[in-house]
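This briefing concerns a set of local features in one protein model. Please consult the sequence and the structure shown below while reading.

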Amino acid sequence: MIGERYVIIVAGGKGTRVGADKPKQFLPIAGKMILQHTLEAFYQWDPSARLVLVLPEAYIELWKRLLDEYGCRIPHQLVKGGETRFHSVREGLRSIPQEAKALVAIHDGVRPFVGKALIDSCFEEAARSGAAVPVVPLVDTIREQMDGSRSRTADRGRFLAVQTPQVFDLDLLRRAYEQPYSGKFTDDASVVEALGVQVAQVSGSRQNIKITTPVDLLIARALLEER
């Protein structure tokens, strides 16, 4: 039984697709920053879990000011990120004590609606298999891009949309992030799979949206009003 649980929250987005005047993770919804909602979700799940927040160096002072402005008191360790998401996760891993024996989750800072049941499912599966990711079936028809302007309908039943948190045995994840960076690494599961390790899947949640566009912000506000 692995006792310690870490959550590395990566929040390096610039918010260009949202069209805001500040990075999207700092935008307010219902009186709190998106990133604040995300931290609270994990703190409410398990107050003893160690939260590690990875931010670009350029955002760190802004974050510290906003913590006071919004009264965010969730305990967390702040870590300077790297050039890409891969490098930021690696910096987050380096902040964890070498002697630690733990499960560690990697989560997008702009997924504030992650629920306790989903977090539990990911950690429970990772405790059994060493690696777990949440997935949801695709609902839209999808097309495969061919050459030029040609495309063809693909079987959506063969594909799944991947979410976070993605949870792994810490030693396994450290070995994975010792690999050289590759543009093929689109998430943490892809980094682990590059070692030849199979990643288990659990059922994700439709409410566990990633806030990326103005429409996502409207959906987020509606979800909070419903709550």
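In H4, the residues that are buried are Leu118, Ile119, Cys122, Phe123, Glu125 and Ala126. These residues lie on the same side of H4, because they cover an arc of only 165 degrees around the axis. The model is a predicted one.

**Helix H4**
- The exposed residues Ala117, Ala127 and Arg128 are carried by the face of H4 that is turned away from its buried side.
- The packing partners of the buried residues of H4 are H1, S6, strand S1 (4-10), strand S7 (131-137), strand S11 (166-169) and strand S12 (200-203).
- The end C-alpha atoms of H4 are 20 Å apart, which agrees with the 20 Å that its 14 residues should span at 1.5 Å a residue.

**Helix H1**
- Helix H1 (residues 34-45) is largely enclosed by the rest of the structure, because 10 of its 12 residues are buried.
- Among the buried residues of H1 are His37, Thr38, Glu40, Phe42 and Trp45.

**Arg111**
- Arg111 is located in the loop between strand S6 (102-108) and helix H4 (116-129).
- Arg111 has a relative accessibility of 9% and therefore counts as buried.
- A polar contact of 2.9 Å links the side chains of Arg111 and Asp108.
- Beyond its neighbours within four places in sequence, Arg111 is in contact with Thr38, Val162, Gln163, Thr164, Asn208, Ile209 and Lys210.

Terms used: Residues numbered from 1 in each chain as written. Predicted model: local features only at pLDDT ≥ 70, side-chain atom pairs only at ≥ 80, totals over all residues. Heavy atoms only, no water. Helix = DSSP H or I, 4+ residues; strand = E, 2+ residues; numbered from the N terminus. Buried < 20%, exposed > 50% of the residue type's maximum accessible area, 1.4 Å probe, protein only. Polar contact = N/O pair within 3.5 Å; in protein donor to acceptor, adjacent residues only side chain to side chain. Contact = heavy atoms within 4.5 Å. Expected span 1.5 Å × (residues − 1). Arc of directions from axis to C-beta.
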